[in-house]
Amino acid sequence: MPYLALFATAFIAATLLPAQSEGLLVGLLIAGHVPWLLVLVASVGNVMGSTVNWFLGREVTRFADRRWFPVKPAALARAQAWYARYGKWTLLLSWVPVTGDPLTLAAGVMREPLRVFLLLVTVAKTARYALLAAIAAHYA
C-alpha cells in the first residue's frame, strides 16, 4: 500500500495539480522500505504524470484558433522558435518544482516526439529521486 500511495502522489505531483512526492519518499525510506523500489515507483509515477501533461499540450493546440485561447498566434510562433532551439534540453529541468510541470506541457504543445520526451524526462525525474534517496540514506 505505501508503494501505491507513492505512485499516486508522484503521478499527481507531475501534473499541473499541486502535490509533493519528495516528503513521502523520504518518509518511506526512513520507515525502512526498499530504496531502489521506492525510486522506481516514484519515477514511473512522476514520468506518467508528466506524460499526461505532454498529451494535454498536444491536444490544446487544436483550440489555438479560438477567440478564448490564451496565447496569440505570434506569441505561439515565438515560443515554437525558442523551443526548436532550446526546448528538448529544458526537459532535463522537468524535475524542478513549479516550473518543471509547465515545461512538460510545453513539450506537448511544441510537438516534441514522445520517445525524446520520455527519455529526457525519465533521466531527469529518476536522477532527482535517486539523489534524494541517496541523501536521505546518508543522513538516516
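**Close-up views of a predicted model**

**View A. A salt bridge joins the side chains of R62 and E59.** The nitrogen-to-oxygen distance in this salt bridge between R62 and E59 is 3.1 Å. The structure shown here and in the views below is a predicted model. R62 has a relative accessibility of 56% and therefore counts as exposed. E59, with a relative accessible area of 41%, is partly exposed. The total number of salt bridges in the model is two.

**View B. A second salt bridge connects R128 with E22.** The closest N and O atoms of R128 and E22 are 2.9 Å apart. Is R128 buried or exposed? Its relative accessibility is 14%, so R128 counts as buried. R128 also takes part in an arrangement with an aromatic residue: its charged end sits over the ring of Y129, 4.1 Å from the centre of that ring.

**View C. S43 is a buried residue of helix 3.** The position of S43 is in helix 3. With 5% relative accessibility, S43 falls below the 20% limit and therefore counts as buried. Which residues does S43 contact, when its neighbours within four places in sequence are left aside? They are K125, T126 and Y129.

**View D. The rings of F7 and F11 form a stacked pair.** Four aromatic pairs are counted in the model. In the pair of F7 and F11, the ring centres are 6.4 Å apart and the planes meet at 25 degrees, so the pair is stacked. F7 and F11 are four residues apart in helix 1, which means that about one helical turn separates them. F7 has 24% relative accessibility and counts as partly exposed. F11, at 25% relative accessibility, also counts as partly exposed.

**View E. The rings of F63 and W68 form a tilted pair.** The centres of these two rings lie 5.6 Å apart, and their planes are at 40 degrees, so the pair is tilted. F63 is partly exposed, its relative accessible area being 27%. W68, by contrast, has 54% relative accessibility and counts as exposed.

**View F. W54, F55 and F117 form an aromatic cluster.** The three residues are linked into this cluster by ring pairs.

**View G. Helix 5 is largely enclosed by the rest of the structure.** Helix 5 covers residues 100-109, and seven of its 10 residues are buried, which is why the helix is described as largely enclosed. Which residues of helix 5 are buried? They are G100, D101, L103, T104, A107, G108 and V109. These buried residues pack against four helices, namely helix 1 (2-14), helix 3 (35-60), helix 4 (73-90) and helix 6 (114-139). After helix 5 comes R111, which has a positive phi, near 65 degrees.

Methods. Residues numbered from 1 in each chain as written. Predicted model: local features only at pLDDT ≥ 70, side-chain atom pairs only at ≥ 80, totals over all residues. Heavy atoms only, no water. Buried < 20%, exposed > 50% of the residue type's maximum accessible area, 1.4 Å probe, protein only. Helix = DSSP H or I, 4+ residues; strand = E, 2+ residues; numbered from the N terminus. Contact = heavy atoms within 4.5 Å. Phe/Tyr/Trp six-rings, centres within 6.5 Å; stacked < 30°, edge-to-face > 60°. Lys NZ or Arg CZ within 6 Å of the ring centre and 35° of its normal. Salt bridge = Lys/Arg side-chain N within 4 Å of Asp/Glu carboxyl O.
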